[in-house]
Amino acid sequence: VLPGSVDKRGDLNAICAAASTYTNKSCSQARAFISINAGDTISNLPSLGVPTDYTILSYRGLIVADDWVDLMDGTIDGSLIDLKVVLTSWWSGSLTNGDFDASNNCNEWTDGTLSETGRLGSYSALDASWLSLNTSNCSNSYDFVCLCW
């Protein structure tokens with residue numbers, strides 16, 4: 001959970017950039033794969049500079065999707081746990097199409113209380129629920145996914 005006054009996208013991207021140093025891939029750019037608010041969603045990450053023509057790989061080099069369109073088409077090539085991306089559910093803040101879940105977003109990721117809920121993605125699904133499975137109380141701790149290139 002981030003304070004309301006911070007640059008949420010910038011701060012999360014910075015966390016991703018720092019994390020990219022332990023991967024076996026060289027990354028000069030990194031973006032948090034999470035929907036933050038109605039104007040900043042997973043589905044609009046290409047407008048924030050995420051390339052659409054790259055193969056999407058796990059940090060171990062396993063194929064998640066052939067490209068951005070394949071990633072967002074409602075299925076992925078393997079489960080995120082099998083592809084070594086995540087071990088548990090993860091914060092997505094997104095509907096199955098990558099748009100912002102306006103009802104489940106921990107008050108745009110500023111409220112970590114039991115009274116708020118956030119949308120999770122699945123670690124084991126191959127269908128659209130990989131991006132939008134269920135919700136959890138915002139007081140619970142989950143990772144978020146990063147993209148780097």
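The paragraphs below go from the overall fold to its aromatic pairs. The model is predicted, so local features need pLDDT of at least 70 and side-chain atom pairs count only at pLDDT 80 or more, while totals for chains, interfaces and linings use all residues. Residues are numbered from 1 along each chain as its sequence is written, and side-chain values use heavy atoms, with hydrogens and water left out.

The chain has three helices and seven strands (DSSP runs numbered from the N terminus, helices being H or I of at least four residues and strands E of at least two), and along the sequence these follow the pattern α-β-β-β-α-β-α-β-β-β. Along its principal axes the C-alpha trace spans about 40 × 30 × 25 Å. Of the 149 residues, 44% are buried, that is, under 20% relative accessible area with a 1.4 Å probe and protein chains only.

Throughout the structure, a search finds six aromatic pairs, where rings of Phe, Tyr and Trp (its six-membered ring) have centres within 6.5 Å, and planes under 30 degrees apart count as stacked, over 60 as edge-to-face and the rest as tilted. Trp90 and Trp130 form a tilted pair, 6.1 Å centre to centre with 35° between the planes. This pair links distant parts of the chain, 40 residues apart, with Trp90 in strand E4 (residues 90–91) and Trp130 in the loop between strand E5 (117–121) and strand E6 (134–137). Trp90 counts as buried because its relative accessibility is 0%, and Trp130 counts as buried at 3%. Trp91 and Trp109 have ring centres 5.3 Å apart and planes at 65°, so their pair is edge-to-face. Both Trp91 and Trp109 are buried. Ring pairs also link Phe33, Trp68, Trp90 and Trp130 into a cluster.

Notes: Buried < 20%, exposed > 50% of the residue type's maximum accessible area, 1.4 Å probe, protein only.
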